[in-house]
Amino acid sequence: MRRIDLKRANVARSNTIRNINRQIVLNYVRERGPISRAEIAHETALQRSTVSLIVEQLRVDGLIEEVSGESTGGRPPVLLSLRTADAVAIGVDLGTTRTIVATSDLAGRVLDQEQFETNPNSAKTIQAIIDCSQRFIRRNNGTIEGIGVSLPGLVDPEGKELFIPTFNWRDLPLASEISEATGLPVTMDNDANAAAQAELWFGRPEIREVRDFILVLVETGVGTGIVFDGQVYRGENGAAGEFGHMTIGQGAPVACASGSRECWEAFASERSALARFKDLSSGRNGKSMTSFGDLIDMALRSDGAARTALKETGHYLGIGIANLIRGLAPQAVIVGGPIVRAWPVISTDIQKTVEATICRGLPSTQIIASTLGPEPTLMGALSLVLASKFASIPVT
Ligand SMILES: [Zn+2]
């Protein structure tokens, strides 16, 4: 789904493209709300009466609502914001170790969530997703409009064929089974693509001005979601973005999902950081088994081995990011996943490596931490449903 460029949007004046004006108004409310009808009319150069008509329709459709603004003496002004009373989307974040199922409102605020361990038996995992979804649907009395699923694997553009290497799941009828059981449309995408979509729609304000960026998702593996001109780039059969498997060296601390020790994810994933830490702290008691969250906590408390393990991982993240910048020259690279919490420890290592590797004269790309929280892929799953509400041109 293409995100509309508010700066470049030419207001459409024909009935046949009334829909575009509607999307422009809706997106103003989404990005700038609470906002008044007059401000929308002023900024879009649409007539006040046209804005009022569109606003009325959006209210009837349950997408926006009126709220009271700050009074400056007289009657408080009537402003518009997205309607956030109801749960409208279910997001399923299918991960390699656990699956989160959550509901959110139109603005992407998570309202309710459940989680369980992902069972390598696909039938059991699909059934658990269906059970959670049905509970949420019952609890919300018909307000849920769709289900988005993000997963650590390949999904073709129609969402029919998927491949999850960790469990060797191939061509599962995941979407159709969930859809049949719940009666709702189901949209699936690769986790990094979904997280990129979430950055596009619900990320930090700076990203709203950016048309080309790459989301680097660091978890058990490393994935990338590429956004060109405000749209996720999927490539042939949805297979784009597998930069986690580009070769960047030899003898990585762990093997990648496909068994190679030369891939970026073998050098820069959570697992690589844990392996480095284990190596550095061998001989120290009680520190052999640590979770990635614990490793970050220790580094933030200035544990030497934990800091070194993370900083070295940051260095290798920087090598891969430098390659992406050289090849694609995006405006921004966003790093997402639990590693974001370690940003104070790793950001200078990433930045230094990128600066040392990139020739002078290339446009400077900002490298920033995601603000989507520790579960960007859950936000991604939700945005698969929510983005369709805001897309400039309905995609069928
Ligand atoms: Zn690989």
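Predicted model: local features only at pLDDT ≥ 70, side-chain atom pairs only at ≥ 80, totals over all residues.

Me: Which residues of α4 and α5 meet?

Reply: On the α4 side you will find I126, I129, I130, S133, Q134 and I137. Their partners in α5 are L174, E177, I178, A181 and T182. By kind, the residues of this contact of α4 with α5 split into 7 nonpolar, 3 polar and 1 charged.

Me: Now helix α10. Which of its residues are buried, and why do they line one face?

Reply: The general idea comes from helix geometry: an α-helix has 3.6 residues a turn, so residues three or four places apart point the same way. In α10, which covers residues 292-300, the buried residues are F292, L295, I296, M298 and A299. Looking down the axis of α10, these buried residues fall within an arc of 160°, so they line one face of the helix.

Me: What do the buried residues of α10 pack against?

Reply: They pack against three helices: α9 (270-280), α11 (304-328) and α12 (343-357). After α10 comes S302, which has a positive phi, near 70°.

Me: Let's take a single residue. Is M379 buried or exposed?

Reply: Counting neighbours is the way to tell: a residue is buried if 20 or more other C-beta atoms lie within 10 Å of its own. M379 has 30 C-beta neighbours inside 10 Å, so it counts as buried. M379 belongs to helix α13 (residues 376-390).

Me: Which residues does M379 touch, leaving out those up to four places away in sequence?

Reply: M379 touches G108, A195, A198, F202 and L372. As for T220, 159 residues from M379 along the chain, the C-alpha atoms of the two are separated by 18 Å.

Me: Stepping back, how many helices and strands does the protein chain have, and how compact is it?

Reply: The protein chain has 13 helices and 15 strands. Its radius of gyration is 22 Å, close to the 21 Å that the globule rule gives for 396 residues, so the chain is as compact as a globular protein of that length. Buried residues make up 43% of the 396 residues. Among contacts with a separation of 6 or more, 63% are between residues 24 or more positions apart.

Terms used
Residues numbered from 1 in each chain as written. Helix = DSSP H or I, 4+ residues; strand = E, 2+ residues; numbered from the N terminus. Rg over C-alpha atoms; globule rule 2.2 N^0.38 Å. Buried ≥ 20, exposed ≤ 12 C-beta atoms within 10 Å, placed from the backbone. Contact = placed C-beta atoms within 7 Å. Arc of directions from axis to C-beta. Nonpolar A, V, L, I, M, F, W, Y, C, P; charged D, E, K, R; others polar.
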